[in-house]
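Here is my note on this structure, as numbered points. Please keep the sequence beside you as you read.

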Amino acid sequence: MSLASIVVLVHGLVAVLFVAGLVGRWIVLGLAERASDLSAMKTLTAAAGPFERIVIVGSSLVLVLGIAAAFLRGQSILGPLTGGPVDWLFVSVLLFLSIIPLVPLVFLPRGRVFAGALAAAETEGRVTPELRVAWRDPVVRTAHVYELVAVTLILTLMLAKPF
């Protein structure tokens, strides 16, 4: 087995783990949002932490391993920008890059708002209306849906290589 094949295999396995982290985080945070008491909400929010770490580390590893796999196989990730075709690899790179701005533009600032609402709820010892609003932030929800759809499309492209 060649080095390129090993890197491609590891890249694929990490991608599957990354998607599992996204889905796991989605499920646990969904349960936390629907929790009726603050203690359960905090416990479930904490339980989402390992999934969040899988997503953060997994996304970086997927990118690095994907670039390494393409390089080792002699494939260009830049497609038409370097005179090559628009193929599954180029589309996957575009989709992946489109997710990155969500972190500084949505997840970090809205996460601080959520943390403030959670801290205020802890002070009051109950789930506050402000915390419920923070949980249901439509911008964060839309960003998470986009993230999951984009990553699912990337994984599908990676496995099917349709063009």
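1. **Lys161.** This residue lies in the segment after H7. The model is a predicted one, and the values here are computed from it. The phi angle of Lys161 is near 45°. That is a positive value in a residue other than glycine. Buried would need under 20%, and exposed over 50%.

2. **The nonpolar patch.** Turn next to the surface. Seven names make up a nonpolar patch there: Val23, Trp26, Ile27, Leu31, Val145, Val149 and Leu153. Together they have about 570 Å² of accessible area. Two elements give two or more residues each: helix H1 (3-34) and helix H7 (138-160). Which of them gives the largest share? H1 does, with four residues.

3. **Ile27 in the patch.** Take one member of the patch, Ile27. Ile27 sits in helix H1.

4. **The largest core.** Now go inside. The largest nonpolar core has 27 residues. Phe18, Leu22, Val62, Leu102 and Val151 touch the most other members. H1, H3, H4, H5 and H7 each give two or more residues to this core. H7 gives the most, with eight residues.

5. **Leu22 and the second core.** Find Leu22 in the model. Leaving out residues up to four places away in sequence, Leu22 touches Val55, Glu147, Leu148 and Val151. There is also a second, separate core, with 12 residues. Among them are Leu38, Phe114, Val127 and Ala134.

6. **Helix H4.** This helix runs over residues 88-99, which makes 12 residues. How far does H4 reach from its first C-alpha to its last? The span is 17 Å. That is close to the 16 Å expected at 1.5 Å a residue.

Conventions:
Residues are numbered from 1 along each chain as its sequence is written. This is a predicted model: local features need pLDDT of at least 70, side-chain atom pairs count only at pLDDT 80 or more; totals for chains, interfaces and linings use all residues. Side-chain values use heavy atoms; hydrogens and water are left out. Patches are made of residues with over 30% relative accessible area and no salt bridge: like charges are joined within 9 Å, nonpolar side chains (Val, Leu, Ile, Met, Phe, Trp, Tyr) within 5 Å. Accessible areas come from the Shrake-Rupley method with a 1.4 Å probe; for residues, only the protein chains shown count as cover. A salt bridge is a side-chain nitrogen of Lys or Arg within 4 Å of a carboxyl oxygen of Asp or Glu. The expected span of a helix is 1.5 Å times one less than its number of residues. A nonpolar core is a set of buried Ala, Val, Leu, Ile, Met, Phe, Trp, Tyr and Cys residues joined through side-chain atoms within 4.5 Å. Buried means under 20% relative accessible area, exposed over 50%, partly exposed in between (1.4 Å probe, protein chains only). Contact means heavy atoms within 4.5 Å.
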